[in-house]
Amino acid sequence: MTTTSQSAPTGLDIHFDGVVHLYPSPEGDVVALRGVDLDVEAGEEFALLGPSGSGKSTVLSLLAGLQRASAGQIQIGPYEMGKLSNRQLLRLRATEVSLVLQDPARNLLPYATATQNIEFAQRGARGRGKTPPWSPLELLQELGMGPLAGRTVATLSGGEQQRVAIASGVAGAPRLLLVDEPTSQLDTISRDQVIELLHRINSQLGSTVVSVTHDPAVAAAMPRTVTIRDGRVGAEGRRGQEYAVVGRDGSVQLPPDVLEMLPPGTLLQVRRHRAGVDLRNPELEPHDQ
Amino acid sequence: MRPRHPIRYRRVSIDRGVSADTEKEEIRPLNQLRLLTRALRWRAGAAVALLLVATVAVVAAAAGPLYLDTANDSVLHSVLLSNSVQANGITVIPQFSPTTPGSFVERAALVLQAARRYGIYRWYDQGKTVLDAGVAVTARSGIAYASDLISDPGQCGTLRFISGSCPTAPDQVAVTARSLAALGAHLGSTVAVVPVHGGPSVPVKVVGIVSLGNPAASFWFGGESGYFDFGPAIGCSITQSCLPHLDAFFTGAATAAGFPSVQAIDEFPIKIGAVHTTVAATFNSAVGAFARYTNQALAAPVSTDLGKELSQASQESNLMQAIVVVVDLQLVLLALFVLFGLVARTAEAREKEVALAKLRGFRTRSVLAVGLLEPVAMLCVSLPVGLLLAFLAMRVAQPLLLPGALVTLQPLVLWAAVAAFAGGLFATLFGARRILTRRLSEELRAVEPKSSSTARAALDAAALALALAGILELLLAGVLNGSQANPLAAFAPGLVAVAVAVLGVRLLPVVAALVVRWTKDSPRLATGLAVRQVVRRPTSLRQITVLAVATALACFAVAGWAAAGVNRTTRADFVLGAARVLTVQVPSGVNLESAVDRADPSGHYAMAVMLSKIPSQNLLAVQVSRLRRVAYWPAGISSTRLATIVHWLTPHLQAPLIFIGSAVRATITENGSPTPPPDLVFNLVDSGGSPGVADFGFLKPGTHVYTATLPGTCLGGCHVLQLEPIWNPSSGGPQEAVYNLTLSQLQVLRGSVWKEVGGQLAKPGYWRGQGGGIKATASSQGGSPALSLAIDDQAADSVSPAVAPGALPSTLHGVVTRANGVSDPAAAGIENFDGNSLTLDVPYQVVALPQLGYEGFLVDLKTALRAETAPPSDTVSQVWLAPHAPAGIERSLRAQGLRVTKVQTPAADIQSMNRGGLALAYLFFLFAAGAAAVLAIGAAVFSVFMTSRRRAFELAVLRAIGVPNHTLLRSLLGEQLLVLGPGMVLGVGAGLLGALMALPSVPEFASTSGGPPVQLVFVALPIVMMLAALVVLLGAAAVLASAATLRLASWDRLRTEIT
């Protein structure tokens, strides 16, 4: 990697500003994102968490330029996504942003070798005049997958396929790597290898890495996590500590266990103190005689 | 390890790229090829299927023009082979021209040189100059004959000498034995020959006796020069002598050239193998230039029938071309449609790769490459492979189907293949459009494409409307009314099939839904599964369309081919007249009817026939009693039963008066004593048709016995044609004579005994006056029955009055063809073989007559011959043999003295017709339809396989929950058959309906010149065999595809894996 590292990418920062997204449906539009505010620093590695249908994958597809936000603004590095044409979005995916889909089969040519898959993935960047700073073999070796280089994808195990799929995601030297559920069908050993790979990509290649995951192990391994709940940023975790996030409109998403205690419609007393506020349900407090 | 960089954005436009060192895309064709190879191997089944279908499209497109070229050549050769060497060749005869220098012989030599100069020998054999001098020669008997003195280069090597040798020295000749006998000469005799256009006689010495050659042999160039023309005089004209004819006198060139009447004839036989349609333009140009030169410079016009033959070949080729183009177009379109369907099906397998390319930001052309490279690669391979296969197939088929024809890759073949390739590209692009245009987000979210049921309904409606409009147009334009041949009729079955199939596709889901209801409580799991799968995916039923169209075309093609084959056989049998026809020469002293009667006493196997093809006669005379057993008389040529016709034609004649002996005598009383005295002659004809007379000389008043010598051939029997009193007035004397003659005691000298032959002499009504100046009555003379003639002869009459025996009918019973235009069908005037007019009673009409075709008269042979008052001329004698005639009958006929010169069977005619343009067009249709059917079955099975393959997971689950393999196999098989079976059923129905509608208008059926009316017969066996073959093929393919699907439904399928 010494020969390639000189031209390795720097990461892109991400800014979501009140992003709303609707899916049109004959039965009525489905709201996927209800005003997401999110800032990610360049070169940061973080995970998007949240229950199924919360909007994580929508965030990912908006970042990849596969869809356009219904409202709000998305800024990725110097690019304001809403202002880019379809051609520019294509170019962006070829050169700057890469998305690794959940199923490895959807990221790879099953009949091709790992090397050929990397080369295939680089074709987009090459077609846009960008020469990736590494050859397929160099990349695979750098990411610890040298022994897999000549093997046909269809003969690889699930974990190996996932790792090759992630490698193909960074084949074109993207500055933002988006990974959807990278460990969903893997055993623990493969999962750890994938997490390690993501760390190496972030640290060695300098790309900003955004992973969408359900996997607590992945979440725990990430320096920063953002939890999406019901189409909003519900919480954020940093170095193992969970935080609620105050929205632009002053709203706060309560964690699910808190929400069980304080179901919607509950009247709360807000008491302010130096470090913040206390939310109390007066009906649950013992009455002073 | 590189430290993390701080944010350092360069604000650059995304359009110009983020990298300053923009480089051109690195092209790695080898890697690309490796990847393509891997992809093709990964999807080998689909790749092979694509290659096969694309190849079929290219083969079909190339085969059309390739076949046409080859078949045109075959038709041309067939036409050339069926014509005489003279008709095919070139004959150049220098004409008298005061302005053209050189004798005939010298100019003929210059013609040969010119032929070389104009390149004629590329297509014609080396020309030769035949010298022919018309001569007259008198036999020792005093009879004068006409003949030809001929010098033909190569004659010494061709003639077969019975004795003597070939004439090489001057004034030597070789003649046939029969000519020598007629002359009363022998080997070594000297005969004086006189040039017909005047000049002194030339004595020639007979140095060789030759056997009769076959004038039809190519050496004799059609025999028109009268090489072997022995026989009575044939009319009188400038070119034809009134004298009886002898066979030619073969002599050396020097002798012939010395005759002032000599004509030099240049003959150029054609090299059939060298004439091809591909060189037609060069050929016509060269022959045209040659003909212009000889005509203008040498006053030697070229005569050839080649133009007519080429025109005939061209007409056949045009008909064939129209059918082949129509058929080929349908096959190519079907192949392209199948290709489109196949690409659409197999594109699904590449959908994820296309999505991946879009995900990785590939340029549009790169996305297209990912989506289309495999099918386009297969298309590219299919172009040369298809061309090669088409060429090889034609080369393989050429000796079997089109012997002698040339198989060449003309530019049109290449263009057709390229057009099919272009069509394939379009079909590929159109078939893959969904995966290329689908939005990536939809693909990633696995959103099913919007329902296209409305689009499908619109497509179906459009197809149905187009098909119905096409059928309507064909009907309104009169293409299908059967009155006129139109190759466009071949479109009808395809259109009917499309209409039926589209309706079927729409109706079958309804039927299947009903079946679902019926099978709701059925314990048969396999049936239930199969029916439900069909109902669940009604779009799979669309395969019915292709299969139905292909089956319909196959059905139509087989029905048409078989019916055309039957009609060709019928036609060949009818055109010939019998299973075997012998053209015979009847030597002098031999009677055709008697010879046949003796060779076949049973009357079951042979029939004597005489016919004339002179347009004014068109007379076919047969032994009526044998007609039913021997002749081919197909149903449909007459509404009247053959038995009725035979009964009508059967003669009821009085016995003829025949003199068999050397002299005849009669007691004759002459009253009236005209001056000068009248002469009395019997006009006779011997059994060989040669005329003769028995002349009693001038008659004296009163009763006397007169004796007349009979011609020598009357020892074999001579028919009395007429009894003719001849009175020639003297100059200055009376110009009219009225007198009576009474004849009795008519006797013929047989050996040394006078035998009474006058049984019919005094028979009342036996004699019939001719010319109006004579009246015959029965009387008696000296107690003996006698014939009295009251004669009123006028010198002004150019024809002497005569009486003819009652054996000569004045009215014949006959049958006439409808096309003859007889205004009064009850009585038609015809010319007998002797050229005399007769009245024909014709209560019955037929469509056509054997050998004569649409115009002709059929009479009884015996009656026609009896009606003759002069020897027949320009007739053909034949013996027709029944199909089951014993092998020895020809030997028996020869033993009776008949000389067989030609043997014909319908097989030759059938073979010729089989090589005709229309038959070849049908053959192409048959192969094309077969290919289409196989293609459609393959495509349909493959399509259903691809559909069910997607259910491999579902099948694996069913296996996991304990559904037995055989049940799943039966279910899959049932599903295949539920989809494909109706396609075949609908196709068969549409094909037969199309055949009913279209076949009467297809040229093979509508063009029936000269033949019996065609019959639209459905020959069941070939259709059933074709269907059985299709069912077997379909069944086998369905079993294989079902088994393959079941193999995919393994336990592994239940785990997530790359597919």
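Reply: Let us begin with a definition: two strands pair if DSSP finds at least two bridges between them. The model shown here is predicted. In it, strand β3 (residues 45-49) and strand β9 (residues 224-229) of chain A run parallel and are joined by 4 bridges. Within β9(A), the residue opposite A:L48 is A:V226.

Me: In what order do the 7 strands of the open sheet in chain A stand?

Reply: The order is β6-β7-β8-β3-β9-β10-β11, and the pairing is mixed. Because β6 (97-100) and β11 (241-244) of chain A each have a single partner strand, they stand at the edges, and one side of each lacks a neighbour in the sheet. From one strand to the next, the twist averages 20°.

Me: Which strands does helix α6 of chain A lie across?

Reply: Helix α6 (residues 188-205) of chain A lies across β3, β7 (176-180) and β8 (208-212) of that chain. An angle here runs from 0 to 180 degrees between N-to-C directions; α6(A) runs at about 155° to β8(A).

Me: How is the open sheet of 4 strands in chain A arranged?

Reply: Its order is β2-β1-β4-β5 in chain A, with antiparallel pairing. β2 (30-40) and β5 (79-80) of chain A are at the edges with a single partner strand each, so one side of each is left without a neighbour in the sheet. Strand β1 (residues 14-23) of chain A pairs with β2(A) over 8 bridges in the antiparallel sense. A:D39 in β2(A) is the bridge partner of A:H15.

Me: Which residues is B:A60 in contact with, leaving aside neighbours within four places in sequence?

Reply: They are B:D328, B:L331, B:V332, B:A335, B:A420, B:A928 and B:A931.

Me: What is the mean pLDDT of chain A, and where does pLDDT stay under 50?

Reply: The mean for chain A is 84, and 96% of the residues in this chain reach 70 or more. Over residues 1-8 of chain A, pLDDT stays under 50, and the model has 12 contacts beyond four places in sequence for them.

Conventions:
Residues are numbered from 1 along each chain as its sequence is written. Chains are lettered from A and ligands numbered from 1 in the order in which they are written. This is a predicted model: local features need pLDDT of at least 70, side-chain atom pairs count only at pLDDT 80 or more; totals for chains, interfaces and linings use all residues. Helices (H or I, at least four residues) and strands (E, at least two) are DSSP runs, numbered from the N terminus. Two residues are in contact if their C-beta atoms, placed from the backbone, lie within 7 Å. pLDDT is the predictor's confidence in each residue, from 0 to 100.
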